[in-house]
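Here is my notebook for today.

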Amino acid sequence: MLNRRALLKSLGLAAIAGSTPGLTFAKAESDARLVLIVLRGAVDGLALAAPYGDGNYRSVRGELALSNPGTTEGLLKLDGIFGLHPSFVNLHKSFAAGDASVIHAVASPYRSRSHFDGQDMLESGAMKVGGHRDGWLNRALARVDGQTGNASAIALSENTPLILRGANSVATWAPSRLPGADDNTLERLQQLYADDEFFATRLQQALRSQEIAGTQSGMNTTAKRGNDEKQFVDLMKSAALFLNAPDGPTIAVAELGGWDTHGNQGASQGALARRFGTLDLSLGNLRDGLGDSWEKTVVVVVTEFGRTVRVNGTRGTDHGTGTAALVMGGAVDGGKVITDWPGLGSNNLYADRDLLPTTDLRSVFKAVLADHLKLPADFIEHEVFPESSSAKPLENLIRT
């Protein structure tokens with residue numbers, strides 16, 4: 001079975017549907033669309049949305065402090081306290097249009113500094129590392145579209161991330177790094193798998209996924225090793241195609257690494273600024289590609305934890321706690337910075353080094369599930385996020 005999965009990938013058919021035979025994309029009973037982007041490596045939330053109006057900001061950030069709004073290479077003003085990193089031109093336009101909000105001083109319940117453990121709790125929705133073996137979004141799929149057993153969600157990745165693993169079926173798709181199979185090979189594969197329900201179904205879904213993504217059976221996508229930024233920009237174009245397809249999924253999950261900025265992080269220029277630029281361009285491509293569907297879409301951008309407030313000895317930042325998250329889309333009641341801001345004074349920091357988290361990420365997820373996907377509150381509390389009564393859904397996050 002594993003060899004046959006590998007064969008499909010080697011032929012440029014990088015869509016694998018799991019876990020039940022006869023699986024197809026679900027026919028959506030709702031217009032709601034959701035895109036979840038996980039930024040792996042721990043994003044510096046104080047660089048993403050800088051609190052320039054906090055009186056302690058410049059002294060604690062040192063050389064990583066960004067210029068005030070209105071100056072050359074300065075922050076993009078959100079309000080009298082916060083400004084976006086100057087790389088976020090598209091995001092700033094969405095904020096001004098009321099289609100994006102920043103949620104600051106946010107974190108999952110995790111309070112240590114391991115990437116692996118932080119991502120585990122972010123994606124499982126558990127109160128402790130290893131508390132759940134499945135992902136909270138997979139658990140939520142049991143009530144999405146009122147169906148079980150159809151792939152209403154797709155992971156835009158070669159492997160299914162934890163957040164989508166579980167009992168409910170999902171699909172995966174990623175651009176192949178190898179030349180695609182020609183028509184003769186595909187015909188032979190269809191004949192070979194004709195009596196194998198499991199792989200015949202997966203072959204058909206792989207072909208349909210390639211068709212939706214705009215590739216031809218004899219062509220390869222532009223993905224190249226070592227160019228994950230270019231690949232992610234294109235991946236968001238593909239995400240829009242999947243979500244717009246009449247028989248496509250309603251939920252897409254993507255991930256982008258490279259946020260572990262221990263050294264030479266930079267301020268308005270440098271490694272982190274380039275990464276922010278990639279994310280901003282990708283979000284702009286997603287918005288433009290969705291077209292009219294943007295009005296019924298919510299995009300949530302999260303990371304496993306934040307980074308230290310102060311610069312370290314290698315001109316970067318180390319693993320921290322509180323960070324910033326993004327929520328955007330036409331269904332978002334945006335144009336706001338949502339935060340119970342703790343401040344950056346020495347007495348306000350978590351463990352005397354990190355931004356103190358005052359909002360639980362699960363509160364963000366709960367609001368999206370309840371107010372956007374219209375899932376029942378009891379189901380969210382008891383099945384999707386058990387033991388999370390302290391994390392109340394954020395109010396006024398989604399348009400009503």
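This is a predicted model: local features need pLDDT of at least 70, side-chain atom pairs count only at pLDDT 80 or more; totals for chains, interfaces and linings use all residues.

**Entry 1: R139**

I began by locating R139, and I found this residue in helix α6, which spans residues 136-140. Is R139 buried or exposed? I read a relative accessibility of 10% for R139, and buried means under 20%, so R139 counts as buried.

Next I looked up what R139 touches. Leaving out residues up to four places away in sequence, I listed S124, G125, H132, D134, N168, F379, E383, V384 and P386. I then checked E383 from that list again: its backbone oxygen lies 3.1 Å from a polar atom of the R139 side chain.

**Entry 2: strand β6**

I moved on to strand β6, residues 100-107. How many of its residues are buried? I counted eight of eight, so I wrote the strand down as mostly covered, given that buried means under 20% relative accessible area.

Which strands does β6 pair with? I went through the partners one by one.

- With strand β11 (residues 323-328), I found six bridges and an antiparallel run.
- With strand β12 (residues 336-338), I found three bridges in the parallel sense.
- The partner of V106 in β13 is T359.

Key: Residues are numbered from 1 along each chain as its sequence is written. Side-chain values use heavy atoms; hydrogens and water are left out. Helices (H or I, at least four residues) and strands (E, at least two) are DSSP runs, numbered from the N terminus. Buried means under 20% relative accessible area, exposed over 50%, partly exposed in between (1.4 Å probe, protein chains only). A polar contact is a pair of N or O atoms within 3.5 Å; within protein, one must be able to donate a hydrogen and the other to accept it, and residues adjacent in sequence count only if both atoms are side-chain atoms. Contact means heavy atoms within 4.5 Å. Two strands pair if DSSP finds at least two bridges between them.
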